[in-house]
Amino acid sequence: MKKKTIIIGIESSCDDTGVSIIQNRKVLSNIIIHQKIHSKYGGVVPELASRLHDKNITKAVQKAIFSAKIHRDEIDAVSFTLGPGLIGPLLVGASFAKSFSMGLEIPLLTVNHVQAHILSHFIQNANINNSYPRFPFLGLVMSGGHTQIIKVNDFFKMEILGSTLDDSVGESLDKIARMLGFYYPGGPMIECFSKNGNKKKFLFSKPIVSGLDFSFSGFKSDVSQFIKKELNKNTLFVKQNLSDICASIQNSIAEILLEKVEKAISQTGIFRIVLSGGVSSNHEIRRLFLSFSKKDKKLEIFIPKKEYTTDNGAMIAITGLLKYERKLFDSIHITPYSKFKTFS
């Protein structure tokens, strides 16, 4: 009987230390240690993040192995995030993964963080459909500094059709949240306060960007000018209208994303849409895309379950597994990168 492959995945691209163990495509454990200290600084402090990853990574790995109910000698390979991300945290994860690989004499597998978000849908029961998307499909990635539309022809054959020209959707939400007086991370706070708001109460201009690229800088500026203008007339404006402001902002962003995806469908003729990344957990974006899918029987929308939206080790482990099956092993001498590179 063929042995089932066991992969450990290590994610350390930003401020969450994620370690997961999967057997074939089933998650045996998925441990995430959050770094709450960054909220008081209004954003992630790279030096602090690196130190906390160094402190937490051994603990996370031990907990993942214990929760998976396996022995470390049963692990067939170690996968880790090579980039993009913050270089300090990436180096911590890389150093640990390399040592783990050498110590157990098992293969090393490097993972592109953006690619991993897309491939998280190939974890067993990882999305709300509980099924795997068929190729080709269009991936809308909304993670960290990335907002991209990607044509996915196969596991490791991906083509970027559109990217943000400035701020990503997540960065914009965090910056707008700061204007409203929320602490970091601000996106979830906007979502929380939007639930009882009127999403049509305030209208914001949508950026005019050619092709399938995005731009959220202008949108952010429009919101900023609107808030300043209203506060000059009424110093209590934000406090009195907070839910409606949040709902209107969120609705506008969801519509911007959907309009670009509709354009991508028209250009490619591909009707399978896969959402991924932290912002894909947003309830208004999920609602709008699900509503859109009901308008045409040809449309298939795949939305990740919330535990697989934010950075996690499981998405690194599944990508590692897919590379392991294709014998796409990496050298111990490979070095992390902070900025996005082409998919491998």
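Predicted model: local features only at pLDDT ≥ 70, side-chain atom pairs only at ≥ 80, totals over all residues.

Colleague: Thanks. Is strand β1 mostly covered or uncovered?

Modeller: Mostly covered: six of the six residues in β1 (residues 6-11) are buried, meaning under 20% relative accessible area, where exposed is over 50% and partly exposed lies in between (1.4 Å probe, protein chains only). Strands here are DSSP runs of E with at least two residues, helices are runs of H or I with at least four, and both are numbered from the N terminus.

Colleague: Which residues of β1 point which way?

Modeller: Ile6, Ile8 and Ile10 point one way, and Ile7, Gly9 and Glu11 the other. In a regular strand, side chains alternate between the two faces of the sheet.

Colleague: And which strands does β1 pair with?

Modeller: β1 pairs with β2 (residues 17-23) in the antiparallel sense over six bridges, and with β4 (residues 77-83) in the parallel sense over four bridges. Pairing needs at least two bridges found by DSSP. Isoleucine 7 stands opposite isoleucine 22 in β2, and isoleucine 8 has valine 78 in β4 as its bridge partner. A hairpin of five residues joins β1 to β2.

Colleague: New topic: at what angle do α4 and α7 pack?

Modeller: Helix α4 (residues 169-179) and helix α7 (residues 237-268) pack at about 165°, with axes 12 Å apart. Axes are lines fitted to C-alpha atoms, for helices over the stretch in contact, and angles run from 0 to 180 degrees between N-to-C directions. The two helices are therefore roughly antiparallel, a label for angles over 145 degrees.

Colleague: Which residues meet there?

Modeller: Val169, Leu173 and Ile176 in α4 meet Ile249, Ile253 and Leu257 in α7; contact means heavy atoms within 4.5 Å.

Colleague: What about alanine 264, buried or exposed?

Modeller: Alanine 264 is buried, with a relative accessible area of 0%, and is found in α7. Leaving aside neighbours within four places in sequence, alanine 264 contacts Leu138, Ile149, Leu212 and Gly269.

Colleague: Last one: where is glutamate 325?

Modeller: Glutamate 325 lies in helix α9 (residues 313-325) and is partly exposed, at 45% relative accessible area.

Definitions and conventions:
Residues numbered from 1 in each chain as written. Heavy atoms only, no water. Parallel < 35°, antiparallel > 145°, perpendicular 65-115°, else oblique.
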